[in-house]
Amino acid sequence: MPELPEVETVRRGLTPVLKGARLSGVRINRPDLRFPFPDRFVDRLEGATVERIDRRAKYLLMPLSTGETWVTHLGMTGRFTLDGRQLGEFEEAAPIAGKHEHFSACANRNGRTRIGFADARRFGFMGLIPTTEIEAHPWFAGLGPEPLGNGFSGAHLAEVFAGKKQNIKVSLLDQRIVAGLGNIYVCEALYRARISPLVAAGAVSRPRLERLAAEVREVLNDAIAAGGSTLRDFANAEGGQGYFQHRFDVYGREGEACRGEGCDGVVRRIVQGGRSTFYCPRCQRR
């Protein structure tokens with residue numbers, strides 16, 4: 001599933017085309033994706049102007065001139081196209097036309113650009129929510145702070161982890177604790193902070209949590225700067241692939257030598273909470 005850097009890459013790719021653009025020729029080719037499209041979805045988008053494109057966790061939010069916000073989640077294989085060029089596919093190969101394209105429209109801003117949304121597995125979804133009610137909507141009401149925002153810090157982690165016996169890896173994937181963090185970047189941040197994924201969240205000291213918060217920010221910013229991570233077919237706004245996967249320290253490197261200076265450890269893979277965890281047992285001690 002696309003993680004925060006990949007969704008942010010798509011947001012940045014859509015912004016030059018959609019910000020300030022008026023939508024026309026809106027069309028849906030089926031009644032639903034993961035969930036049904038909203039009532040009168042086409043009519044409510046037709047003629048609306050996109051004021052900007054935001055991201056909350058792994059959601060794309062596009063406030064409209066109508067007072068509603070168009071919300072999109074990419075799911076596993078969802079991706080936008082601009083005049084046929086890919087903006088977002090991650091891990092799962094999927095056609096971008098024909099029966100797999102479920103939404104299309106034209107963005108009218110200094111010319112006309114055709115926007116498509118294809119989703120072969122249909123785990124993505126779209127919604128229209130009154131802009132003033134976004135924070136109270138069930139999709140967003142329980143989300144924690146953004147990891148790149150001012151609300152995320154070592155102090156925040158110390159507060160929410162106090163007395164917590166669950167391991168820190170699974171705890172960081174809890175969207176109520178921090179919004180948008182996914183499996184890849186949690187593995188990488190824990191490695192950089194030299195914290196074992198097996199340790200109880202409540203047992204990690206405040207100074208180590210301060211370092212962890214800083215490493216979370218750094219690894220996400222590094223991934224965004226590299227255009228995200230391409231495991232199979234994720235592509236950015238220019239149709240190119242992300243490159244951060246070439247800089248993974250532990251993710252996907254089971255059995256390979258640790259890259260830490262002076263470390264002779266070997267990257268290990270375990271399963272936690274149904275997800276693969278990659279770490280170096282020597283560098284990341286409890």
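**View 1. Salt bridges across the predicted model.** A search of the whole structure, which is a predicted model, finds 16 salt bridges. Side chains of opposite charge can pair when their charged atoms come close. Some of these pairs share partners. Glu8, Arg11, Arg12, Arg55, Arg56 and Glu146 are joined in this way into one network.

**View 2. The salt bridge of Arg30 and Asp32.** Arg30 pairs with Asp32 in a salt bridge. The closest N and O atoms are 2.9 Å apart. Are these two residues buried or partly exposed? Arg30 is partly exposed, at 24% relative accessible area. Asp32 is partly exposed too, at 23%.

**View 3. The salt bridge of Arg114 and Glu101.** The side chains of Arg114 and Glu101 meet here, at 2.6 Å from N to O. The pair links distant parts of the chain. Arg114 lies in strand 8 (residues 112–118), and Glu101 lies in strand 7 (residues 101–108). The two residues are 13 residues apart. Arg114 counts as partly exposed, with 35% relative accessibility. Glu101 has 10% relative accessibility, so Glu101 counts as buried.

**View 4. The salt bridge of Arg253 and Glu256.** Arg253 forms a salt bridge with Glu256. Their closest N and O atoms lie 3.1 Å apart. Glu256 is partly exposed, at 37%.

**View 5. Helix 1, residues 4–18.** This helix has 15 residues. From first C-alpha to last, helix 1 reaches 20 Å, close to the 21 Å expected. How much of helix 1 is covered? Most of it: 12 of its 15 residues are buried. Among them are Leu4, Pro5, Val7, Val10, Leu14, Val17 and Leu18. Gly20 follows helix 1, with a positive phi near 80 degrees.

View 6. Strands of a sheet pair through backbone hydrogen bonds, either parallel or antiparallel. In this sheet the order is 2-3-4-9, and the pairing is antiparallel. Why does one side of strand 2 (54–56) and of strand 9 (125–130) lack a neighbour in the sheet? Both stand at the edges, each with a single partner strand, so one side of each is left without a neighbour. The twist averages 30 degrees from one strand to the next.

**View 7. Strand 4 beside strand 9, and helix 1 on the sheet.** Strand 4 (residues 68–73) and strand 9 run antiparallel, joined by six bridges. Trp70 stands opposite Leu128 in strand 9. Helix 1 packs on the sheet and touches strand 2 and strand 3 (59–63). The direction of helix 1 makes about 25 degrees with that of strand 3.

**View 8. Strand 5 and its partners.** Strand 5 (residues 79–82) is covered on both faces. Arg79 and Thr81 are buried on one side, and Phe80 and Leu82 are buried on the other. Four bridges join strand 5 to strand 8, and the two run antiparallel. Which residue of strand 8 is the bridge partner of Leu82? The partner is Ile115. Strand 5 also runs antiparallel to strand 6 (residues 85–86), joined to it by two bridges. There, Leu82 stands opposite Arg85. The hairpin of strand 5 and strand 6 has two residues between the strands. In this hairpin, Asp83 takes a positive phi near 50 degrees.

Terms used. Residues numbered from 1 in each chain as written. Predicted model: local features only at pLDDT ≥ 70, side-chain atom pairs only at ≥ 80, totals over all residues. Heavy atoms only, no water. Expected span 1.5 Å × (residues − 1). Buried < 20%, exposed > 50% of the residue type's maximum accessible area, 1.4 Å probe, protein only. Salt bridge = Lys/Arg side-chain N within 4 Å of Asp/Glu carboxyl O. Pairing = 2+ DSSP bridges. Axes fitted to C-alpha atoms, helices over the stretch in contact; angles between N-to-C directions. Contact = heavy atoms within 4.5 Å.
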